[in-house]
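Here are some notes to read alongside the model. Take them in order, with the structure open beside you.

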Amino acid sequence: MGLRLRLVVTFTLVAVVATVTTGALTFREARTGVLQQSQDTVIEEFRHRVNTLVPNYRFPPDAAGLNSFANDVSRGGRSQQWRVLVAYREKSATSLPGDSFGELSPAMRESVRSRRATVFQRVSHDGHSALVVGMPVTFSGLYSTERQASGLEVYLTVPQQEEQGYVDALVTAIERATVPALVLAVLIALLAARGVLRPVRALRRATRSIAEGRLDTRLAVQGSDELADLSRTFNETAAALEGSVAELRRMEAGARRFAADVSHELRTPLAAMSAVTDVLDEDAAGLDEDTATAVRLISTETTKLAALVDDLMEISRFDAGAAALHLDEIDLAESLRRTLATRGWQDTVETGLPAPGELRGRVDPRRLDVIVANLVANALRHGAPPVRLNLHAEDDPRAGRRAVVTVRDGGDGIPEAVLPHVFDRFYKSADARARSEGSGLGLSIATENVRLHGGTVRAANHPEGGAVFTVVLPLRPDDTEDRTPPPAKEDRP
């Protein structure tokens, strides 16, 4: 559920609760007021009527007197005639002949007989509401100030249709007022949600913009509430992030430029050193044993240093986005055979390659040679025989036809903790200070060349043992032009 919907639902629920509570309290107070006023008026008139008429009759009353008294009392109603019951001991009379006075309960009659005060009760009889009032007729004694019960009881029943009509009208009015109140609450909720969500949406757009690399994105700050504080905090964070990223980029560019400059400057002296070591290698046979050993060591390390410089130059070109593809339609299997033959690996590496001319594609021949050479060299250096090179084609419904190159060795495989880092630059699974024959950049260079082709490379352990590297390269149509794709982005700390 979105924030907007949650705000609207919350406001609506609050409005419903407030409206229902207010309506219920208003209804209760209004109903109580209407019924109380009606009740007080009837009881006051009833008491006044009885007290006015009692002195006009003989006591104790006979049946005719009771009947006449009931009729006289019933005429006291202003808007309608009262129904009256008069009882004296075992005798009784009603204002309406044959009236059973079913609203009068035995409990109320007992209360009137036992008390000297007016008693009333609201009852529902035959689906109609009525007010029943009962009072005993009392008289003052000759030698006492306390009024004495005469035994005469007078009961009154007054229908409450008019009061019930007032109550029903009140309920209808409250119901009619509830709908506009809810509509108003929803409108207020929408306005409030709009005010809250506008800066939230702006924050979402700004966050997405920063995620897309536009680090100069800022929010307009309005007001001084919590959302304004959030916008200020976001702007401060964005400014700090922009500064940090700019500094990191500056340092990274400086490091790349330094590595490229150093590599470039080393190439000339290394070329001279290589020429000297070549001459020394030729004369090493005529030198004493210690001197010959030193000469061969210098020659070997110079060759490694030259290879490292070449690799650093290649990495620098990838980092600078200067690496370019020069595509050519070639026989992929023949290219792989030529890679092995050039380095003298044709008898060391087992192959599973298609027949000549069977699998062709547009790739950069030099970069394909670098990819395969680095993967095979890594298998020979860090794995164990047998090392096998395979090539086959596969069809992908989305990516089209692709060439799959696999290099597998017969060693112990790659530790699981090392697998995520095998393509990192200068990464060594053993002691960081341990020396190896490679520069630590071979797999990284192979990865960059694969990405330049738009392919993928992954490392895994074969179920039967040994490490296996898999390269997938798209086989482009013949009319594909040479291109220079953007350099692959790397996550750097």
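Is phenylalanine 69 buried or exposed? Keep that in mind for the first point; bear in mind too that this is a predicted model.

1. Phenylalanine 69 is buried, with a relative accessible area of 4%. Its ring pairs with that of tyrosine 57 in an edge-to-face arrangement, 5.4 Å centre to centre and with 75° between the planes. The two residues are 12 apart in the chain: tyrosine 57 sits in the loop between helix 1 and helix 2, and phenylalanine 69 in helix 2. Tyrosine 57 is partly exposed, at 24% relative accessibility.

2. Now look at phenylalanine 59 and tyrosine 88. Their ring centres are 5.4 Å apart and their planes stand at 80°, so this pair is edge-to-face. Phenylalanine 59 belongs to the loop between helix 1 and helix 2 while tyrosine 88 is in strand 1, so the pair ties together parts 29 residues apart in sequence. Phenylalanine 59 is partly exposed at 46% relative accessibility, whereas tyrosine 88 is buried at 6%. The count of aromatic pairs comes to four.

3. The peptide bond from phenylalanine 59 to proline 60 is cis, with omega near 0°. Proline 60 is in the loop between helix 1 (3-53) and helix 2 (63-74). There is also a cis bond from proline 385 to proline 386, where omega is near -5°. Proline 386 is found in the loop between helix 8 (365-382) and strand 9 (387-396). These are worth a look, because most peptide bonds are trans.

4. Arginine 89 has a phi near 55°, a positive value in a residue other than glycine. You'll find arginine 89 in the loop between strand 1 (83-88) and strand 2 (91-94). With a relative accessible area of 66%, arginine 89 is exposed.

5. On to the helix packing. The axes of helix 6 (residues 289-319) and helix 9 (residues 442-452) come within 10 Å and cross at roughly 35°. The crossing is left-handed. Helix 6 brings Asp311, Glu314, Ile315 and Phe318 to the contact, and helix 9 brings Ser444, Ile445, Glu448, Asn449 and Leu452. By type, the residues of this contact are four nonpolar, two polar and three charged.

6. Which residues touch the most other members of the largest nonpolar core? They are Leu332, Leu336, Leu368, Leu389, Leu391 and Val471, out of 37 residues in that core. Elements giving two or more residues to this core include helix 7 (332-342), strand 11 (456-461) and strand 12 (467-474). Helix 8 supplies the largest share, eight residues. Leaving out residues up to four places away in sequence, leucine 368 touches Ile330, Leu332, Ser335, Leu336, Val363 and Leu473. Apart from this core lies another, of 22 residues, with Phe46, Trp82, Met135 and Leu152 among them.

7. Last, valine 407, which lies in strand 10 (residues 400-408). Valine 407 counts as buried, at 2% relative accessibility. Beyond its neighbours within four places in sequence, its contacts include Leu375, Val376, Ala379, Leu389 and Phe469. For a sense of distance, the C-alpha atoms of valine 407 and valine 183 are separated by 71 Å, with the two residues 224 apart along the chain.

Conventions. Residues numbered from 1 in each chain as written. Predicted model: local features only at pLDDT ≥ 70, side-chain atom pairs only at ≥ 80, totals over all residues. Heavy atoms only, no water. Helix = DSSP H or I, 4+ residues; strand = E, 2+ residues; numbered from the N terminus. Buried < 20%, exposed > 50% of the residue type's maximum accessible area, 1.4 Å probe, protein only. Contact = heavy atoms within 4.5 Å. Axes fitted to C-alpha atoms, helices over the stretch in contact; angles between N-to-C directions. Left-handed = near helix turned anticlockwise from the far one by under 90°. Nonpolar A, V, L, I, M, F, W, Y, C, P; charged D, E, K, R; others polar. Core = buried A, V, L, I, M, F, W, Y, C linked by side-chain atoms within 4.5 Å. Phe/Tyr/Trp six-rings, centres within 6.5 Å; stacked < 30°, edge-to-face > 60°.
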